[in-house]
Amino acid sequence: MAQVEVLLPKMGESVAEATIIKWLKEEGETIEADESIIEIATDKVDSEVPAPADGVLVKRLCNEGDVVKVGDVIAIIAGEGEAVAEVTAPAAEPAKEVAAAAPVAAEPVMAASTATTAVAATEEPISKNGNSGRFYSPLVRSIAEKEAISMAELEAIPGTGQGGRLTKKDLLAYLPKRSTQSATTSATPVAPAIVAAPATNGQAKVVSQPTPVQPAISVGGQDEIIEMDRMRKLIADHMVMSKHTSPHVTSYVEADVTNIVNWRNKVKNSFQQREGEKITFTPIFMEALVKAIKDMPMVNVSVDGDKIIKKADINLGMATALPSGNLIVPVIRNADRLNLLGITKAVNDLANRARNNKLKPEEIQGGTYTITNVGSFGNVMGTPIINQPQVAIMAVGAIRKKPAVIETPQGDTIGIRHMMYLSHSYDHRVVDGALGGTFVRRVADYLEQFDVNREI
(Lines give C-alpha, C1' and ligand atoms only; values in the text may rest on other atoms or scores of the structure.)
Protein backbone atom coordinates (compact mmCIF):
# COMPACT_ATOMS: atom_id res chain seq x y z
CA MET A 1 0.00 0.00 0.00
CA ALA A 2 1.05 3.62 -0.47
CA GLN A 3 2.29 5.54 2.51
CA VAL A 4 -0.58 7.36 4.27
CA GLU A 5 -0.18 10.58 6.21
CA VAL A 6 -2.41 11.04 9.27
CA LEU A 7 -3.43 14.69 9.49
CA LEU A 8 -4.80 16.56 12.47
CA PRO A 9 -8.42 16.96 11.31
CA LYS A 10 -10.42 20.18 11.18
CA MET A 11 -12.47 20.46 14.38
CA GLY A 12 -14.72 23.47 13.92
CA GLU A 13 -14.29 26.94 12.45
CA SER A 14 -12.69 28.53 15.51
CA VAL A 15 -10.34 25.63 16.35
CA ALA A 16 -6.89 26.04 14.81
CA GLU A 17 -4.78 23.74 16.99
CA ALA A 18 -4.97 20.89 19.46
CA THR A 19 -2.84 19.48 22.26
CA ILE A 20 -1.66 15.88 22.03
CA ILE A 21 -2.96 14.16 25.16
CA LYS A 22 -2.07 10.50 24.68
CA TRP A 23 -0.91 8.13 21.95
CA LEU A 24 -3.13 5.05 21.89
CA LYS A 25 -0.87 3.11 19.50
CA GLU A 26 2.86 2.47 19.52
CA GLU A 27 5.17 2.64 16.52
CA GLY A 28 5.21 -0.73 14.77
CA GLU A 29 1.65 -1.62 15.86
CA THR A 30 -0.81 -2.88 13.28
CA ILE A 31 -3.94 -0.76 13.08
CA GLU A 32 -7.24 -0.91 11.26
CA ALA A 33 -9.09 1.87 9.47
CA ASP A 34 -11.21 4.01 11.83
CA GLU A 35 -9.39 2.64 14.89
CA SER A 36 -8.47 5.43 17.31
CA ILE A 37 -4.73 6.07 17.41
CA ILE A 38 -4.39 9.27 19.45
CA GLU A 39 -6.26 11.41 21.98
CA ILE A 40 -6.25 15.16 21.42
CA ALA A 41 -7.67 18.14 23.31
CA THR A 42 -8.75 21.55 22.08
CA ASP A 43 -10.04 24.55 23.99
CA LYS A 44 -13.51 23.18 23.21
CA VAL A 45 -13.53 19.41 23.71
CA ASP A 46 -11.40 16.28 23.98
CA SER A 47 -11.62 13.72 21.15
CA GLU A 48 -9.82 10.88 19.41
CA VAL A 49 -8.34 10.75 15.92
CA PRO A 50 -9.06 7.57 13.93
CA ALA A 51 -6.69 5.91 11.47
CA PRO A 52 -7.59 6.76 7.85
CA ALA A 53 -6.49 3.34 6.56
CA ASP A 54 -5.32 -0.15 7.52
CA GLY A 55 -1.60 -0.65 8.00
CA VAL A 56 1.26 -0.25 10.46
CA LEU A 57 1.91 2.89 12.48
CA VAL A 58 5.50 3.35 11.38
CA LYS A 59 6.15 6.89 12.60
CA ARG A 60 4.73 9.23 15.27
CA LEU A 61 5.62 12.83 14.43
CA CYS A 62 4.63 14.55 17.67
CA ASN A 63 4.87 13.89 21.37
CA GLU A 64 2.36 13.97 24.18
CA GLY A 65 1.92 17.55 25.34
CA ASP A 66 2.78 19.08 21.94
CA VAL A 67 0.43 21.65 20.41
CA VAL A 68 -0.20 20.83 16.74
CA LYS A 69 -1.97 22.87 14.09
CA VAL A 70 -4.97 21.63 12.13
CA GLY A 71 -3.76 20.01 8.89
CA ASP A 72 -0.33 19.07 10.23
CA VAL A 73 0.92 15.53 9.69
CA ILE A 74 0.97 13.76 13.05
CA ALA A 75 1.77 10.18 12.02
CA ILE A 76 2.61 7.89 9.10
CA ILE A 77 0.86 4.62 8.25
CA ALA A 78 2.45 2.20 5.80
CA GLY A 79 2.20 -1.42 4.75
CA GLU A 80 4.23 -4.22 6.31
CA GLY A 81 7.94 -3.75 5.60
CA GLU A 82 7.54 -0.54 3.58
CA ALA A 83 10.15 2.18 3.91
CA VAL A 84 9.03 5.50 5.30
CA ALA A 85 9.68 8.66 3.31
CA GLU A 86 11.16 11.56 5.21
CA VAL A 87 8.42 13.76 6.68
CA THR A 88 8.97 16.93 8.65
CA ALA A 89 7.45 16.73 12.08
CA PRO A 90 4.91 19.46 12.87
CA ALA A 91 6.89 20.32 16.00
CA ALA A 92 9.50 21.92 13.72
CA GLU A 93 6.99 24.50 12.47
CA PRO A 94 6.83 26.63 15.62
CA ALA A 95 10.59 27.14 15.51
CA LYS A 96 10.31 28.53 11.96
CA GLU A 97 7.52 30.84 13.01
CA VAL A 98 9.49 32.15 15.96
CA ALA A 99 12.53 32.78 13.80
CA ALA A 100 10.44 34.73 11.33
CA ALA A 101 8.27 36.57 13.82
CA ALA A 102 10.77 37.45 16.54
CA PRO A 103 12.87 39.99 14.55
CA VAL A 104 9.74 41.94 13.59
CA ALA A 105 8.71 42.23 17.22
CA ALA A 106 12.24 42.72 18.54
CA GLU A 107 13.22 45.70 16.36
CA PRO A 108 10.97 48.33 17.98
CA VAL A 109 11.78 46.97 21.42
CA MET A 110 15.52 47.39 20.87
CA ALA A 111 15.01 50.85 19.41
CA ALA A 112 13.19 51.95 22.55
CA SER A 113 15.50 50.30 25.05
CA THR A 114 18.78 48.46 25.12
CA ALA A 115 19.93 45.17 23.74
CA THR A 116 19.25 43.52 27.08
CA THR A 117 15.74 42.62 25.93
CA ALA A 118 16.76 41.40 22.49
CA VAL A 119 17.59 37.74 22.13
CA ALA A 120 19.07 36.77 25.46
CA ALA A 121 17.44 33.64 26.76
CA THR A 122 15.64 34.04 30.04
CA GLU A 123 17.22 32.17 32.90
CA GLU A 124 13.82 31.33 34.39
CA PRO A 125 12.24 28.43 32.47
CA ILE A 126 8.75 29.06 31.08
CA SER A 127 6.51 26.26 32.26
CA LYS A 128 3.60 24.86 30.27
CA ASN A 129 1.13 25.99 32.94
CA GLY A 130 1.57 29.20 34.93
CA ASN A 131 0.72 29.75 38.57
CA SER A 132 -2.73 30.94 37.47
CA GLY A 133 -3.31 27.63 35.69
CA ARG A 134 -3.19 29.27 32.26
CA PHE A 135 -1.75 27.03 29.52
CA TYR A 136 1.13 28.30 27.33
CA SER A 137 1.71 26.68 23.95
CA PRO A 138 5.23 25.70 22.82
CA LEU A 139 5.22 28.61 20.36
CA VAL A 140 4.34 31.17 23.04
CA ARG A 141 6.94 29.72 25.42
CA SER A 142 9.59 29.82 22.72
CA ILE A 143 8.91 33.49 21.92
CA ALA A 144 8.90 34.36 25.64
CA GLU A 145 12.26 32.70 26.20
CA LYS A 146 13.76 34.37 23.14
CA GLU A 147 12.56 37.80 24.29
CA ALA A 148 13.70 37.22 27.91
CA ILE A 149 10.16 37.47 29.26
CA SER A 150 9.91 36.08 32.76
CA MET A 151 7.12 33.79 33.92
CA ALA A 152 5.68 36.51 36.14
CA GLU A 153 5.63 38.99 33.25
CA LEU A 154 4.00 36.43 30.97
CA GLU A 155 1.28 35.80 33.55
CA ALA A 156 0.44 39.53 33.60
CA ILE A 157 -0.18 39.80 29.82
CA PRO A 158 -3.92 39.70 28.99
CA GLY A 159 -4.92 36.86 26.67
CA THR A 160 -7.66 36.87 24.03
CA GLY A 161 -7.75 33.10 23.49
CA GLN A 162 -10.33 30.69 24.87
CA GLY A 163 -10.64 31.13 28.64
CA GLY A 164 -8.10 33.99 28.62
CA ARG A 165 -5.38 31.89 26.99
CA LEU A 166 -2.35 33.82 25.71
CA THR A 167 -1.93 33.52 21.93
CA LYS A 168 1.03 34.27 19.69
CA LYS A 169 -0.82 37.36 18.45
CA ASP A 170 -1.26 38.65 22.01
CA LEU A 171 2.42 38.18 22.77
CA LEU A 172 3.66 39.83 19.56
CA ALA A 173 1.30 42.77 20.15
CA TYR A 174 2.70 43.16 23.67
CA LEU A 175 6.39 43.23 22.69
CA PRO A 176 6.49 46.74 21.12
CA LYS A 177 4.88 48.20 24.27
CA ARG A 178 7.40 46.56 26.54
CA SER A 179 10.17 48.65 28.11
CA THR A 180 13.39 47.77 29.88
CA GLN A 181 11.82 48.76 33.18
CA SER A 182 8.81 46.45 32.72
CA ALA A 183 11.09 43.60 31.73
CA THR A 184 13.31 43.95 34.79
CA THR A 185 10.57 44.61 37.34
CA SER A 186 7.87 42.26 36.10
CA ALA A 187 8.28 40.05 39.13
CA THR A 188 7.27 42.88 41.49
CA PRO A 189 3.67 43.16 42.71
CA VAL A 190 1.15 44.73 40.36
CA ALA A 191 0.54 48.42 40.99
CA PRO A 192 -2.58 49.23 43.00
CA ALA A 193 -5.71 49.84 40.96
CA ILE A 194 -7.01 53.42 40.90
CA VAL A 195 -10.69 53.78 41.69
CA ALA A 196 -13.04 56.68 42.22
CA ALA A 197 -14.52 57.22 45.68
CA PRO A 198 -17.13 59.72 46.91
CA ALA A 199 -15.80 63.01 48.29
CA THR A 200 -17.41 65.50 50.62
CA ASN A 201 -17.26 68.36 48.10
CA GLY A 202 -19.26 66.43 45.52
CA GLN A 203 -16.23 65.69 43.37
CA ALA A 204 -14.91 62.17 42.84
CA LYS A 205 -11.81 61.51 44.91
CA VAL A 206 -9.18 59.20 43.45
CA VAL A 207 -7.98 56.55 45.86
CA SER A 208 -5.76 53.55 45.39
CA GLN A 209 -7.05 50.07 45.98
CA PRO A 210 -4.54 47.22 46.11
CA THR A 211 -5.05 44.40 43.69
CA PRO A 212 -6.19 41.26 45.54
CA VAL A 213 -3.41 38.73 46.00
CA GLN A 214 -4.17 35.07 46.55
CA PRO A 215 -3.10 34.11 50.07
CA ALA A 216 -0.34 31.59 50.55
CA ILE A 217 -1.59 28.04 51.12
CA SER A 218 0.05 25.98 53.83
CA VAL A 219 0.47 22.29 53.04
CA GLY A 220 0.72 19.75 55.85
CA GLY A 221 2.55 16.48 55.72
CA GLN A 222 -0.67 14.45 55.34
CA ASP A 223 -2.26 16.74 52.75
CA GLU A 224 -2.66 15.48 49.20
CA ILE A 225 -1.73 17.75 46.31
CA ILE A 226 -3.85 17.06 43.23
CA GLU A 227 -2.84 18.57 39.90
CA MET A 228 -5.80 20.04 38.02
CA ASP A 229 -6.42 18.33 34.71
CA ARG A 230 -6.60 20.40 31.55
CA MET A 231 -10.40 20.63 31.48
CA ARG A 232 -10.60 21.71 35.12
CA LYS A 233 -8.12 24.52 34.43
CA LEU A 234 -10.22 25.70 31.49
CA ILE A 235 -13.38 25.60 33.61
CA ALA A 236 -11.68 27.54 36.40
CA ASP A 237 -10.43 30.23 34.02
CA HIS A 238 -13.85 30.50 32.34
CA MET A 239 -15.72 30.84 35.64
CA VAL A 240 -13.37 33.52 37.00
CA MET A 241 -13.55 35.39 33.69
CA SER A 242 -17.36 35.31 33.77
CA LYS A 243 -17.56 36.76 37.29
CA HIS A 244 -15.08 39.48 36.32
CA THR A 245 -17.02 40.27 33.15
CA SER A 246 -20.65 40.29 34.28
CA PRO A 247 -22.30 41.71 37.40
CA HIS A 248 -24.41 38.70 38.35
CA VAL A 249 -27.94 38.99 39.75
CA THR A 250 -30.11 35.94 40.54
CA SER A 251 -33.93 35.86 40.74
CA TYR A 252 -35.91 32.90 42.11
CA VAL A 253 -39.38 31.53 41.46
CA GLU A 254 -41.12 28.45 42.84
CA ALA A 255 -43.14 26.55 40.25
CA ASP A 256 -45.87 23.94 40.67
CA VAL A 257 -44.88 21.17 38.23
CA THR A 258 -47.45 18.59 39.36
CA ASN A 259 -49.00 18.41 35.88
CA ILE A 260 -45.59 17.68 34.34
CA VAL A 261 -44.76 14.96 36.89
CA ASN A 262 -48.13 13.26 36.40
CA TRP A 263 -47.87 13.46 32.61
CA ARG A 264 -44.34 12.04 32.52
CA ASN A 265 -45.34 9.18 34.84
CA LYS A 266 -48.17 8.40 32.44
CA VAL A 267 -46.14 8.38 29.20
CA LYS A 268 -42.59 7.37 30.18
CA ASN A 269 -43.03 3.59 29.78
CA SER A 270 -44.82 3.76 26.44
CA PHE A 271 -42.32 6.37 25.20
CA GLN A 272 -39.35 4.16 26.05
CA GLN A 273 -40.94 1.13 24.38
CA ARG A 274 -41.70 3.13 21.24
CA GLU A 275 -38.52 5.25 20.97
CA GLY A 276 -35.99 3.03 22.75
CA GLU A 277 -34.93 5.84 25.09
CA LYS A 278 -36.12 7.70 28.17
CA ILE A 279 -37.96 10.97 28.38
CA THR A 280 -36.67 13.17 31.20
CA PHE A 281 -37.83 16.49 32.59
CA THR A 282 -35.04 18.45 30.86
CA PRO A 283 -36.69 18.62 27.39
CA ILE A 284 -39.89 19.93 29.00
CA PHE A 285 -37.94 22.63 30.84
CA MET A 286 -36.18 23.54 27.59
CA GLU A 287 -39.45 23.82 25.71
CA ALA A 288 -40.73 26.29 28.32
CA LEU A 289 -37.44 28.23 28.10
CA VAL A 290 -37.75 28.52 24.32
CA LYS A 291 -41.29 29.88 24.61
CA ALA A 292 -40.19 32.46 27.19
CA ILE A 293 -37.17 33.52 25.09
CA LYS A 294 -39.46 34.10 22.11
CA ASP A 295 -41.62 36.29 24.36
CA MET A 296 -38.61 38.15 25.79
CA PRO A 297 -35.75 37.97 23.25
CA MET A 298 -33.55 40.46 25.13
CA VAL A 299 -32.26 37.65 27.37
CA ASN A 300 -30.98 35.96 24.20
CA VAL A 301 -28.21 38.49 23.58
CA SER A 302 -24.47 39.05 23.96
CA VAL A 303 -22.49 42.18 24.86
CA ASP A 304 -19.75 43.57 22.61
CA GLY A 305 -18.29 46.64 24.31
CA ASP A 306 -21.15 49.15 24.35
CA LYS A 307 -23.18 47.21 21.78
CA ILE A 308 -25.84 44.56 22.38
CA ILE A 309 -25.93 41.70 19.88
CA LYS A 310 -29.46 40.35 19.66
CA LYS A 311 -29.27 36.72 18.55
CA ALA A 312 -31.51 35.54 15.72
CA ASP A 313 -31.18 31.86 16.71
CA ILE A 314 -32.12 30.20 19.98
CA ASN A 315 -29.30 27.75 20.73
CA LEU A 316 -29.78 26.14 24.14
CA GLY A 317 -26.75 24.89 26.05
CA MET A 318 -27.26 22.19 28.66
CA ALA A 319 -24.65 21.83 31.38
CA THR A 320 -23.68 18.16 31.61
CA ALA A 321 -21.63 16.55 34.39
CA LEU A 322 -18.98 14.13 33.16
CA PRO A 323 -17.82 10.94 34.92
CA SER A 324 -14.53 12.73 35.68
CA GLY A 325 -16.43 15.32 37.71
CA ASN A 326 -15.81 18.03 35.13
CA LEU A 327 -18.52 19.95 33.29
CA ILE A 328 -19.27 20.42 29.60
CA VAL A 329 -22.06 22.33 27.84
CA PRO A 330 -23.27 20.78 24.56
CA VAL A 331 -25.63 22.96 22.52
CA ILE A 332 -28.98 22.21 20.88
CA ARG A 333 -29.04 24.50 17.87
CA ASN A 334 -32.27 26.16 16.73
CA ALA A 335 -34.18 24.65 19.63
CA ASP A 336 -37.17 26.81 18.73
CA ARG A 337 -37.59 24.78 15.52
CA LEU A 338 -37.91 21.48 17.38
CA ASN A 339 -40.99 19.97 18.97
CA LEU A 340 -40.85 18.18 22.31
CA LEU A 341 -39.91 14.88 20.68
CA GLY A 342 -37.09 16.53 18.73
CA ILE A 343 -35.72 18.25 21.84
CA THR A 344 -35.89 14.94 23.75
CA LYS A 345 -33.91 13.13 21.04
CA ALA A 346 -31.30 15.90 20.95
CA VAL A 347 -30.93 16.00 24.75
CA ASN A 348 -30.45 12.24 25.04
CA ASP A 349 -28.00 12.09 22.14
CA LEU A 350 -25.81 14.97 23.32
CA ALA A 351 -25.81 13.85 26.97
CA ASN A 352 -24.83 10.29 26.02
CA ARG A 353 -22.01 11.37 23.71
CA ALA A 354 -20.78 13.96 26.22
CA ARG A 355 -20.37 11.27 28.89
CA ASN A 356 -18.55 9.04 26.40
CA ASN A 357 -16.23 11.79 25.13
CA LYS A 358 -17.72 11.65 21.63
CA LEU A 359 -18.79 15.26 21.14
CA LYS A 360 -17.54 17.29 18.19
CA PRO A 361 -16.04 20.75 18.89
CA GLU A 362 -18.83 22.54 17.01
CA GLU A 363 -21.41 20.87 19.26
CA ILE A 364 -20.29 22.90 22.28
CA GLN A 365 -20.08 26.25 20.48
CA GLY A 366 -22.58 28.93 19.62
CA GLY A 367 -24.91 28.65 22.63
CA THR A 368 -27.11 31.68 23.30
CA TYR A 369 -28.72 30.59 26.61
CA THR A 370 -27.86 27.79 29.06
CA ILE A 371 -29.84 25.61 31.45
CA THR A 372 -28.30 23.59 34.28
CA ASN A 373 -30.11 20.98 36.39
CA VAL A 374 -28.86 21.25 39.96
CA GLY A 375 -31.81 19.11 41.05
CA SER A 376 -30.04 16.04 39.67
CA PHE A 377 -27.69 16.35 42.66
CA GLY A 378 -30.55 16.74 45.13
CA ASN A 379 -30.15 20.54 45.38
CA VAL A 380 -33.31 22.62 45.68
CA MET A 381 -31.77 25.71 44.06
CA GLY A 382 -28.47 27.21 42.95
CA THR A 383 -26.80 30.44 41.80
CA PRO A 384 -25.37 29.47 38.41
CA ILE A 385 -22.53 31.40 36.75
CA ILE A 386 -23.24 32.82 33.30
CA ASN A 387 -21.67 30.93 30.42
CA GLN A 388 -19.93 33.78 28.56
CA PRO A 389 -20.55 35.38 26.12
CA GLN A 390 -24.19 34.72 27.01
CA VAL A 391 -25.99 37.02 29.44
CA ALA A 392 -28.23 34.60 31.34
CA ILE A 393 -28.48 31.06 32.67
CA MET A 394 -31.21 29.14 34.50
CA ALA A 395 -30.83 26.45 37.15
CA VAL A 396 -33.68 24.05 37.86
CA GLY A 397 -33.81 22.50 41.30
CA ALA A 398 -35.04 19.20 42.69
CA ILE A 399 -38.76 18.46 42.42
CA ARG A 400 -40.17 17.88 45.89
CA LYS A 401 -43.62 17.11 47.29
CA LYS A 402 -44.82 19.97 49.48
CA PRO A 403 -48.08 21.16 51.01
CA ALA A 404 -49.44 24.02 48.94
CA VAL A 405 -52.54 26.19 48.65
CA ILE A 406 -54.78 25.08 45.77
CA GLU A 407 -57.22 27.67 44.47
CA THR A 408 -60.59 26.30 43.29
CA PRO A 409 -63.96 27.88 42.40
CA GLN A 410 -65.26 26.46 45.66
CA GLY A 411 -62.46 28.05 47.71
CA ASP A 412 -58.84 27.45 48.67
CA THR A 413 -57.64 24.09 49.93
CA ILE A 414 -54.36 22.57 51.05
CA GLY A 415 -52.94 19.75 48.95
CA ILE A 416 -49.74 17.87 48.19
CA ARG A 417 -48.08 19.32 45.08
CA HIS A 418 -44.80 18.76 43.23
CA MET A 419 -42.84 22.00 43.60
CA MET A 420 -39.55 23.16 42.09
CA TYR A 421 -37.39 26.28 42.34
CA LEU A 422 -36.07 28.07 39.24
CA SER A 423 -32.94 30.21 39.69
CA HIS A 424 -32.22 32.76 36.96
CA SER A 425 -28.78 34.43 36.94
CA TYR A 426 -28.37 37.31 34.51
CA ASP A 427 -25.91 40.01 33.47
CA HIS A 428 -27.09 43.24 35.10
CA ARG A 429 -25.25 45.32 32.50
CA VAL A 430 -28.00 44.56 29.98
CA VAL A 431 -30.68 42.58 31.84
CA ASP A 432 -32.41 44.57 34.54
CA GLY A 433 -34.34 43.08 37.45
CA ALA A 434 -37.68 43.66 35.75
CA LEU A 435 -36.72 41.63 32.69
CA GLY A 436 -34.73 39.00 34.59
CA GLY A 437 -37.45 38.48 37.17
CA THR A 438 -40.32 38.55 34.68
CA PHE A 439 -38.55 36.06 32.46
CA VAL A 440 -38.15 33.39 35.13
CA ARG A 441 -41.78 33.93 36.16
CA ARG A 442 -42.84 33.41 32.53
CA VAL A 443 -40.92 30.12 32.37
CA ALA A 444 -42.69 28.99 35.55
CA ASP A 445 -46.06 29.95 34.07
CA TYR A 446 -45.44 27.80 31.00
CA LEU A 447 -44.45 24.87 33.21
CA GLU A 448 -47.53 25.22 35.41
CA GLN A 449 -49.82 25.41 32.36
CA PHE A 450 -48.50 22.14 30.91
CA ASP A 451 -51.29 20.05 29.31
CA VAL A 452 -51.66 16.71 31.11
CA ASN A 453 -53.51 15.27 28.08
CA ARG A 454 -50.72 16.11 25.65
CA GLU A 455 -49.55 13.56 23.09
CA ILE A 456 -45.92 13.00 22.13
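**Entry 1: N315**

I looked up N315 and found it in the loop between β13 (307-310) and β14 (316-318). The model is a predicted one: local features need pLDDT of at least 70, side-chain atom pairs count only at pLDDT 80 or more, and totals for chains, interfaces and linings use all residues. Residues are numbered from 1 along each chain as its sequence is written, and side-chain values use heavy atoms, with hydrogens and water left out.

Is N315 buried or exposed? I noted a relative accessible area of 6%, so N315 is buried (buried is under 20%, exposed over 50%, partly exposed in between, with a 1.4 Å probe and protein chains only). Leaving aside residues up to four places away in sequence, N315 touches V331, I332, R333, N334, G366, G367, T368 and Y369; contact means heavy atoms within 4.5 Å.

**Entry 2: aromatic pairs**

I then turned to the rings. A pair of aromatic rings is described by the distance of the centres and the angle of the planes. Rings of Phe, Tyr and Trp (its six-membered ring) pair if their centres lie within 6.5 Å; planes under 30 degrees apart count as stacked, over 60 as edge-to-face and the rest as tilted. By this rule I recorded 3 aromatic pairs.

One of them joins W263 and F450, edge-to-face, at 5.0 Å centre to centre and 65 degrees between the planes. W263 belongs to helix α7 (residues 258-275) and F450 to the segment after α10 (433-448), 187 residues apart, so I noted a link between distant parts of the chain. Both W263 and F450 are buried.

Y369 lies in strand β18 (residues 369-373) and F439 in helix α10, 70 residues apart. Y369 is buried at a relative accessible area of 0%, and F439 is buried at 0% as well.

**Entry 3: helix α7**

How do α7 and helix α9 (residues 340-355) cross? Their axes come within 14 Å at roughly 70 degrees, and I therefore list α7 and α9 as roughly perpendicular (65 to 115 degrees). The contact is made by W263, F271 and E275 of α7 and by L340, L341, T344 and K345 of α9.

Methods
Helices (H or I, at least four residues) and strands (E, at least two) are DSSP runs, numbered from the N terminus. Axes are lines fitted to C-alpha atoms, for helices over the stretch in contact, and angles run from 0 to 180 degrees between N-to-C directions. Angles under 35 degrees count as roughly parallel, over 145 as roughly antiparallel, 65 to 115 as roughly perpendicular and the rest as oblique.
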